[in-house]
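This briefing is meant to be read beside the sequence and the structure.

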Amino acid sequence: MDTLSNLWLGLGVAMLPANLLYCLIGVLLGTLVGVLPGIGPVATVAMLLPVTFALPPASALIMLAGIYYGAQYGGSTTAILINTPGESSSVVTALDGHHMARQGRAGPALGIAAIGSFIAGCIATFVVAYLAPPLADVALEFGPAEYFSLMVFGLIAAVVLARGSVVKAIAMIVLGLLLGIVGTDVNSGVQRYSFGLPQLADGIGFVALTMGIFGIAEVAANLERKERRDIFSRAIGAVLPSKDDLKRCFGTIMRATGLGAVLGILPGGGALLASFAAYALEKKVAAPPRTFGQGDIRGVAAPEAANNAGAQTSFIPMITLGIPSNPTMAMMIGALMIQGIAPGPQVMQERPELFWGLIASMFVGNLMLIILNLPLIRVWIALIRVPYRLLFPSILLFCCIGAYSINNTVFDVYLTALFALFGYVLLKLECEPAPLILGFILGPMMEENLRRALLINRGDASVLVTQPLSLALLVASVALILAIAAPAVRKTRNEAMQE
Amino acid sequence: MQLLRQRDFWAGAMFVLFGLFFVIGARDYTFGSAAKMGPGFFPTILGFILAGLGVIIAALSFFTARDPLPRFVWRPLSILIAAICLYGVLLPNVGFVLATVILIVLGAKADPESRFLESLVLGVLLSAFSTAVFYYGLGLPFRLWPAS
């Protein structure tokens with residue numbers, strides 16, 4: 001079957017009334033958490049995981065995916081209006097977006113953010129549709145050695161592209177891998193590190209882990225920061241950008257989409273990196289006059305288009321390889337596993353309706369977002385005004401409900417409290433939690449693939465370097481680590497992160 | 001001691017402790033051999049790697065000596081944690097509706113600016129809302145009220 005007829009099949013799934021509804025719920029929730037600073041898509045997806053139990057797999061994925069790309073839309077609103085990014089991937093949007101708002105051009109800034117995101121989202125959907133199937137075919141040929149090396153590469157690349165200390169991030173990965181193998185060992189049936197607790201036999205609940213770290217610990221950190229939000233109160237004006245604005249932005253949106261789509265596929269990529277890179281690129285190549293940093297509309301269009309494109313193409317490694325490129329994708333893999341679906345290249349062949357339904361729902365979801373967002377913008381603005389002291393108790397409650405209902409035991413509620421403490425210590429020690437989550441999800445898979453690779457070769461570990469593909473992946477991992485240690489690369493990386 | 005005020009010294013120490021915990025714990029499990037990895041194989045190796053990374057991180061902090069350990073503000077966090085744990089105790093006993101109100105009222109105290117009456121109203125509203133959504137809407141199996 002060719003791609004278009006597959007997309008048609010997917011559209012049939014995505015257009016089912018129930019799935020339309022879940023898509024709508026997903027994008028609305030996503031926009032909501034995107035708009036609200038202090039809660040992100042990772043925690044939201046984690047909170048909703050228990051709910052997805054009751055749904056068919058396709059509906060669950062459609063809703064959760066909507067949260068992720070919906071959050072990219074919502075984040076820009078907060079960035080433009082109150083100069084605080086609602087979402088980390090909107091940090092750059094705040095630079096020019098808030099300037100525009102102060103110049104009385106908040107409307108066009110919001111409008112171009114939505115339009116740029118929409119165009120990028122649609123194009124990125126095609127990228128996913130055309131790129132994922134061949135990649136999955138390649139991945140089906142992978143043996144355990146290749147898989148192991150691929151995971152090593154994915155984890156290392158995720159670290160290198162993240163901010164902060166690389167050594168600490170690698171340590172966080174290893175800690176994540178170790179936490180991931182707590183529970184019953186699939187091969188021997190031995191209970192590892194469970195302290196005789198039957199509740200730990202299935203391993204540490206990753207809903208409790210994520211909610212503790214990304215939910216409660218974040219709340220605690222936000223409460224001590226005590227920042228006062230400077231809310232933009234002047235009129236928004238017309239939200240539609242002028243024809244002139246659109247013409248100026250067209251090239252920018254196209255370039256940013258392309259760049260975002262490429263960066264989204266890389267492990268460790270996704271929305272955040274894409275937005276930084278696209279802004280940096282536009283500052284160099286956009287047609288003069290360039291007024292970046294002082295309210296250039298292209299400074300809003302570029303990161304917004306790029307983060308949406310990146311958000312969508314980051315589904316490619318998740319779907320085709322079963323390897324998460326960022327914590328939200330790790331949550332999606334968790335959702336698949338809850339549904340009893342082993343993530344990996346076989347999903348696309350065994351459950352085509354799942355994959356193509358998800359892809360097609362991205363089209364539908366992007367359309368919903370642009371239709372809903374422009375008229376709903378005033379609702380979102382009203383929500384930004386809700387003070388944090390009314391907001392965080394709700395986060396607290398939803399984290400507790402989510403933790404409880406994953407297994408219907410209070411054990412996971414206590415576990416959430418424990419991981420909240422852990423997460424807070426990590427925050428204070430500046431240890432990025434994202435690599436921990438990636439390692440946590442991949443831990444059991446990595447152990448299993450290593451075991452198989454070694455078993456097949458009678459304990460000879462050289463298999464990892466004699467298989468050409470496996471060798472290439474390991475060499476690439478080492479090269480990445482060495483590259484980041486090189487002073488020149490380190491300098492540009494830090495500069496890029498600081499902009 | 002200058003070193004004890006370094007953020008990364010403590011980060012490194014944390015990783016060393018975790019690494020050793022997993023290595024020591026793995027001694028109870030069969031190590032096996034490379035050809036037949038036992039349940040202790042993977043955690044032992046990773047535990048050593050983690051401890052080694054921890055030593056590197058702590059050692060590097062000795063040379064860079066830049067980032068001091070930030071102040072820990074325990075009040076909000078401990079109130080949140082207390083509220084969550086109390087919720088765990090209350091939920092099976094007094095039921096979802098009351099436990100939720102108590103969670104919100106207590107949890108709101110994590111922000112010193114919160115007012116009692118305001119958080120009580122918020123708690124009642126959130127309790128009603130989530131009972132409607134999660135119990136009646138999604139059919140999650142909670143006990144709603146105290147056991148009679």
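A residue counts as buried if 20 or more other C-beta atoms lie within 10 Å of its own, with C-beta atoms placed from the backbone. By that criterion, buried residues make up 61% of the 499 residues in chain A. The model is a predicted one, and every value below is computed from it.

**Overall build of chain A**

- Chain A contains 22 helices and two strands, and its radius of gyration of 22 Å is close to the 23 Å that the globule rule gives for 499 residues, so chain A is as compact as a globular protein of that length.
- Along its principal axes, the C-alpha trace of chain A spans about 70 × 50 × 45 Å.
- Of the contacts in chain A with a separation of 6 or more, 80% are accounted for by residues 24 or more positions apart.

**Where chain B touches chain A**

- The two chains meet through 57 residues of chain B, which are in contact with 52 residues of chain A.
- On the side of chain B that touches chain A, the elements giving two or more residues are helix H1 (7–26), H2, helix H3 (74–94), helix H4 (96–108) and helix H5 (116–137) of chain B, and the largest share, 11 residues, comes from H3(B).
- The residues on this side of chain B divide into 42 nonpolar, 11 polar and four charged.

**A helix pair across the two chains**

- Helix H8 (residues 166–180) of chain A and helix H2 (residues 41–64) of chain B have axes that come within 9 Å and cross at roughly 155 degrees; because angles over 145 degrees count as roughly antiparallel, H8(A) and H2(B) are described as roughly antiparallel to each other.
- The crossing of H8(A) and H2(B) is left-handed.
- From H8(A), the residues that meet H2(B) include A:Val167, A:Ile170, A:Val174 and A:Leu178, while those of H2(B) include B:Pro43, B:Leu46, B:Leu50 and B:Ile57.
- The residues of the contact of H8(A) with H2(B) divide into 14 nonpolar, two polar and one charged.

**A helix pair within chain A**

- Helix H14 (residues 327–338) of chain A and helix H19 (residues 434–456) of chain A pack at an angle of about 25 degrees, with their axes 9 Å apart, and that angle makes H14(A) roughly parallel to H19(A).
- The crossing of H14(A) and H19(A) is left-handed.
- H14(A) makes the contact through A:Pro327, A:Ala330, A:Ile333 and A:Gly334, and H19(A) through A:Ala434, A:Ile437, A:Leu438 and A:Ile441.
- The residues of the contact of H14(A) with H19(A) divide into seven nonpolar, one polar and no charged.

**Positive phi in two loops of chain A**

- Most residues other than glycine have a negative phi.
- A:Asn408, in the loop between helix H17 (388–407) and helix H18 (411–428) of chain A, has a positive phi near 55 degrees, and A:Asn408 is exposed, with 12 other C-beta atoms within 10 Å.
- A:Glu430, which lies in the loop between H18 and H19 of chain A, has a positive phi near 50 degrees, and A:Glu430 is partly exposed, with 15 other C-beta atoms within 10 Å.

Technical notes:
Residues numbered from 1 in each chain as written. Chains lettered and ligands numbered in written order. Predicted model: local features only at pLDDT ≥ 70, side-chain atom pairs only at ≥ 80, totals over all residues. Axes fitted to C-alpha atoms, helices over the stretch in contact; angles between N-to-C directions. Helix = DSSP H or I, 4+ residues; strand = E, 2+ residues; numbered from the N terminus. Parallel < 35°, antiparallel > 145°, perpendicular 65-115°, else oblique. Left-handed = near helix turned anticlockwise from the far one by under 90°. Contact = placed C-beta atoms within 7 Å. Nonpolar A, V, L, I, M, F, W, Y, C, P; charged D, E, K, R; others polar. Rg over C-alpha atoms; globule rule 2.2 N^0.38 Å.
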